[in-house]
Amino acid sequence: MSKVSFRRLVFLVLLSQILIRFGSCIRPSCKENEKKALIKFKENLIDPSNRLSSWIIGGDCCKWSGVICSNKTGHVIKLNLRNSFPSNSALGGAIDFSLLQLKYLTDLDLSMNNFEGTQIPHFFGSFAELRYLNLSGASFGGQIPQNLGNLSRLQYLDLGFYEPESVENDLQWVSGLHSLKYLNLEGVNLYTTSSYWLQTINTLPSLLELHLPQCQLMNLPKSIPFVNFTSLSILDLSNNGFNSTIPNWLFNLTNLKSLDLNSNSLQGELSDMFSELTSLENLDLSSNFEIEGPLPKGLGVLCNLQKLSLDYNRLNGSIAEFVDGLSQCTNPKLETLNLGYNNLDGNLPSSFGLLNSLRYLLLWGNSFTGSIPQTIGNLSLLEELYLSSNRMGGEIPQSFGQLKSMSVMELRDNSWEGIVTEAHLANLSSLREISIGRFSGKVSLKFDISSDWTPPFVLKYVKIQGCNLGPKFPSFLRNQTDLERIIINFAGISDVIPDWFVEMDLELHELDVAYNQLSGRVPNSLRFKSDSNVDLSSNNFQGPLPLWSSNLTTLYLRDNKFSGPIPKNIGTALPFMTDMDISRNRLNGTIPFSIGNMAALTTFVVSSNYLNGEIPDFWDSMPMLYIVDMSNNTLSGKIPDSIGNLLGLKFLVLSTNNLSGILPPSLRNCTELASLDLGDNKLSGKIPPWIGSKMSSLLILRLRNNSFTGSIPSQICNLSVLHILDVSKNNLSGEIPACVGNLTGFKTEFTSEHTTLYQGRLQVVAKGRLLQYDSILYLVNSVDLSRNSFSGAIPAEITTLFRLGTLNLSMNQLTGEIPGTIGRFERIETLDLSMNGLSGNIPLSMVSLTFLNHLNLSYNNLSGPIPRGNQFETLNVDPTIYEGNSFLCGFPLPAKCYRPEIAPFPGVNAGESDDDKDELERVWMFISVGMGFFVGFWGFCGSLVIKKRWRDLYFNYVGRLINRIVDCLNCR
C-alpha cells in the first residue's frame with residue numbers, strides 16, 4: 001500500500017470518529033407532546049417565585065429548569081422540581097393529569113413544596129418506568145393511592161413528612177414494589193397496619209433502607225418465621241408506640257449499619273445478642289424510659305460503632321465493662337456516647353482514655369461517683385463533655401488542660417473540690433462554653449488564677465456557681481470579647497463591677513451575678529441583645545435603678561439597696577419586659593403609670609420597698625400578668641377595678657399596705673387565682689361569696705388584719721384545694737360553717753412537685769408566733785379564724801381535716817364543748833382555742849395528737865382533769881396554757897382532782913411524779929379499807945339477819961362463851 005493510500009485511510013478513520021463523536025453530542029430536542037404536557041402541568045401550578053420562568057412554549061423543554069431528557073431519544077426521563085429555596089418559593093396548586101404523557105419518566109421529585117394537604121394523584125401509579133419518586137415534605141395528605149403498588153420498577157419511594165392528619169392508611173400496596181430499595185413513610189398514619197406491617201415489609205427482599213418513624217405503629221412483633229430483608233442497612237422505627245421488649249429477629253439483620261428505635265416505650269433489659277450486629281455504626285434507643293438493667297457485654301464488642309444513644313432510660317449499674325470492651329478494639333471508632341439521664345453509677349473507668357475517636361461524651365443526669373479519670377486528657381478529639389447532675393467529686397485533673405478540641409465543658413451539679421488553676425485551662429483553645437459548680441452557697445471548689453493570666457480560649461457562655469472566684473471580679477474574663485451569657489452565683493465576689501468589664505462593650509443575652517456581695521452603682525452603659533435576661537439579685541448594689549437597652553425581657557434586682565423612685569419612663573424604656581422583680585430594695589415614690597406600656601409583662605413584683613400613693617389603674621393593658629406582688633409598702637386607696645381584667649392572674653399579693661374600701665366585684669373574673677393575699681390592710685365590707693364560687697383553684701386565702709364584717713360565706717367551703725385560710729383580726733361574726741369539712745385541701749398531702757404553684761413569701765401565725773414561709777410553703781396547712789366575734793359551737797366537721805397543721809380559733813365567743821373527735825387531727829402541730837367560752841372536759845382523744853407542740857386552752861370554762869400521756873407530758877410543763885379555767889384540775893395546775901385522772905391508754909401514766917403516786921396510793925388505801933369493811937361486815941351480819949337458825953346458834957354460842965369467861969374470872 002502506497003503512503004498516499006495509507007494516509008487517506010487514516011484520514012477517513014479519524015474523520016469517521018469525529019463525526020460519530022460530534023453526532024453523539026447533538027441532543028435531540030424534546031418531544032412536542034411532552035412539551036405540551038409540561039406546559040399544561042405548569043399552568044395549573046402556583047409558582048410564587050417564578051421558578052419555572054424558563055418553561056416557555058417556543059423553547060426546548062430539555063433545557064428547561066428541572067427537566068432532564070434522554071440523550072438518545074429526547075424523551076423526558078427526569079423531572080426534578082425539589083424546592084431547595086425558602087418556603088415562600090414552594091410550588092403549589094394542582095398536579096395536572098397531562099403529566100401522564102411523560103411515558104418514559106424514571107425520576108419524579110416534587111419534594112419540599114407545598115400542596116396543602118392535596119391527595120397524591122392516582123395517576124402516579126401509571127408511570128410504568130418510574131424508579132425514583134420523592135414527594136417528601138410536599139404537604140400531600142389524605143389516603144395514599146393503592147395503585148402506587150403498580151410501580152414494579154420503583155427502587156426509591158419517599159413520602160416522608162406527610163401532612164399530619166387523622167386519616168389512616170393501608171400498607172398492602174407496598175407488597176407490589178418488589179424492586180424497592182429505599183422506603184420512607186415518615187409521619188404517615190399506619191395505625192391500622194400495626195398487626196401486619198412487618199409481614200408486608202418482609203415481602204421486599206431488595207430493601208436497603210426502611211424509614212417508618214412517627215407512623216403510630218403500636219406493635220413490634222416478637223417473632224417472624226423468617227427474615228426476607230436481610231440486606232437492610234438502615235432501619236428507623238422511632239417515635240412509634242412500641243411497648244414490648246426488643247425482639248430477637250432484629251439480630252438477624254447482620255448488615256445493619258443504623259438502628260433507630262428512639263422515643264417508643266420499649267422495655268426490659270438489653271440483650272447480649274447485639275454482638276451479632278457487627279456492622280452497626282449507629283444505635284439509638286434513647287427516650288424509651290423503660291429500658292433497664294446494665295449495659296450488656298455485647299455492646300462492648302461493636303468496634304464499628306460510631307454513635308450510641310441510650311439516654312432517657314432506666315439503665316443501671318457500672319459502665320466499666322462496656323467501656324473496657326470498646327477500648328480493646330484495634331481502632332475504636334466511637335465518636336458519640338450518650339448515656340445521659342439513666343440510673344448508672346460507679347466510677348468512670350480510666351479506659352475512657354483509649355477511645356481516641358470520641359468527640360461527644362454525654363453522661364449527665366446519672367449517679368456516677370468518684371473523680372474524673374486522669375486519662376481524660378488523652379481524648380484529643382473530644383469536643384463536648386457533659387458530666388453534670390451526678391454524684392461525682394474530688395479534684396478536677398490537670399489533664400483537662402490537654403483537651404485542645406473541647407468546646408463545651410458541662411460539669412455543674414457535682415461536688416468538686418480542690419483548686420482550679422491555669423494548668424487546668426492552659427490548652428483549651430477551642431473552649432466556648434463552661435459550666436461548673438452548683439446553685440448553692442456551699443463552696444468547695446476554688447479558682448486560683450492569676451489576675452494577669454490571659455486564657456487561650458474565647459468564651460461565649462460561662463456558668464460558674466458555688467465556686468470561690470472572689471473576692472475580686474474574675475479577671476480572666478477581661479479578654480473574653482465574644483461573651484454572650486455570664487452566670488456567676490454564690491462566688492464570694494465582694495467587688496464592684498470593674499471599668500474594664502464596661503469597656504469590653506459586650507452585647508449580652510444574659511447577665512446573672514446574683515447571690516454575691518457586689519456593691520456600688522450598676523453602669524447604665526451595659527448593652528443587651530433581644531430577649532435578654534438580667535439578674536443582679538441578692539447583692540449590695542446601690543443608687544438608682546439602672547435603665548438599659550429596650551431589648552431586656554427579664555429583670556431581677558431584688559434584695560439590694562437600690563434607692564430613689566422607680567424611673568417614670570421605665571415602661572417606655574423597657575417595653576418588651578416579661579418579668580420584673582425589684583422587691584426588697586429602698587425604692588420610694590409612686591408606681592409609674594408607664595409600666596402599663598409593658599404589654600408582655602407576666603410577673604410584676606415590687607414588694608418590700610417604700611412605695612406610696614395609689615395603685616395605678618393600668619391593668620387593662622397587661623393581659624398576660626399572672627403574678628402581681630406589691631406587698632409591704634405604704635400604698636393607699638382602693639384596689640383598682642381593672643385588676644379584675646387579668647383573667648390569667650394566679651398570684652395577687654397586696655398585703656401590708658394601707659389599702660381601703662371593699663373588694664372590687666371585678667375581681668371575681670380572676671378565676672385562675674391560686675393565692676389571694678390582702679392581709680394587713682384597711683379593707684372593709686363583707687367577704688364576697690364569689691371568692692368561693694368563682695376561684696376554685698385557690699390554695700391560699702389570706703385576709704387577716706382588716707375590717708371585714710359579717711359571717712364567713714358558705715361558698716368558701718367550695719375551695720376544695722385550699723390549704724391556708726387566714727381571716728384573723730377582723731370583725732367577723734356568726735357561727736363557723738359546718739361545711740368546713742368540705743375543704744378537702746386540708747385532707748391532701750402536697751409534695752415538692754407542687755412548688756411551682758407557689759410564689760413569694762407568706763407570713764403565717766403558727767406555734768404561737770408569726771412565721772415566714774417561702775420554699776416550703778406547700779407544706780403549710782393552716783386555718784386561722786382568731787380575733788373575731790365568732791359564736792356557737794366548734795363544728796365537729798372541722799376535725800375531719802386530718803392534714804391540718806395549725807388551727808387557731810382564739811379570741812372569739814365560741815361556746816359548747818371541744819369536739820370529742822378532735823383526736824382525728826393526726827398532723828396538728830398548733831392548736832389555740834384560748835379566750836373563748838368553751839366548757840366541759842378536755843377530750844381524752846387529744847392525747848393521740850402526737851405532732852402537737854403548741855397548745856393553748858387558757859381562759860375558757862373548761863373543767864375536769866387534764867389528760868396525761870404522749871405530747872401532754874411535754875406540753876404540761878407550762879401551766880399558763882390552762883390558766884383562766886377555774887374548774888380544771890390535775891398536773892400542771894395546783895388544783896388537785898378528787899378522782900384520779902384516767903389515762904386513755906395503758907401505761908400512759910408511767911411518767912407521773914412521786915407526789916402524784918403517793919396521792920394515788922392513799923386514795924386506793926381508803927377505797928380498799930372501805931370495801932373490806934363493807935364485805936366483812938355484811939358478809940357476816942347479813943347471814944345472821946337472813947338465817948334464823950344461824951342467828952340462834954350464834955347467840956347461844958356467844959352466851960356460853962360469856963359464861964365461861966365469867967367463871968374463869970371468878971376462879972382467879
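**Exercise 1.** In this predicted model, is Phe 127 buried or exposed?

*Solution.* Start with the number: Phe 127 has a relative accessible area of 2%. Buried means under 20%, so Phe 127 is buried. Now try Phe 123: its relative accessibility is 9%, so Phe 123 counts as buried too.

**Exercise 2.** Work out which kind of ring pair Phe 439 and Tyr 515 make, and where the two residues lie.

*Solution.* Step one: grab the distance of the centres and the angle of the planes, since that's how a pair of aromatic rings is described. For Phe 439 and Tyr 515, the centres are 5.5 Å apart and the planes stand at 85°. Step two: centres within 6.5 Å make a pair, and planes over 60 degrees apart count as edge-to-face, so this pair is edge-to-face. Step three: find the spots. Phe 439 lies in the loop between strand 25 (433–437) and strand 26 (445–447), while Tyr 515 lies in the loop between strand 30 (507–512) and strand 31 (519–521). The pair therefore ties together parts that are 76 residues apart in sequence. As for accessibility, Phe 439 is partly exposed at 49%, and Tyr 515 is partly exposed at 26%.

**Exercise 3.** How many aromatic pairs does a search of the whole structure find?

*Solution.* The search turns up 29. Take Phe 123 and Phe 127: their ring centres are 6.3 Å apart and the planes are at 70°, so you'd call the pair edge-to-face. Elsewhere, ring pairs join Phe 289, Tyr 312, Tyr 341, Trp 364 and Tyr 386 into a cluster.

Terms used. Residues are numbered from 1 along each chain as its sequence is written. This is a predicted model: local features need pLDDT of at least 70, side-chain atom pairs count only at pLDDT 80 or more; totals for chains, interfaces and linings use all residues. Side-chain values use heavy atoms; hydrogens and water are left out. Rings of Phe, Tyr and Trp (its six-membered ring) pair if their centres lie within 6.5 Å; planes under 30 degrees apart count as stacked, over 60 as edge-to-face and the rest as tilted. Buried means under 20% relative accessible area, exposed over 50%, partly exposed in between (1.4 Å probe, protein chains only). Helices (H or I, at least four residues) and strands (E, at least two) are DSSP runs, numbered from the N terminus.
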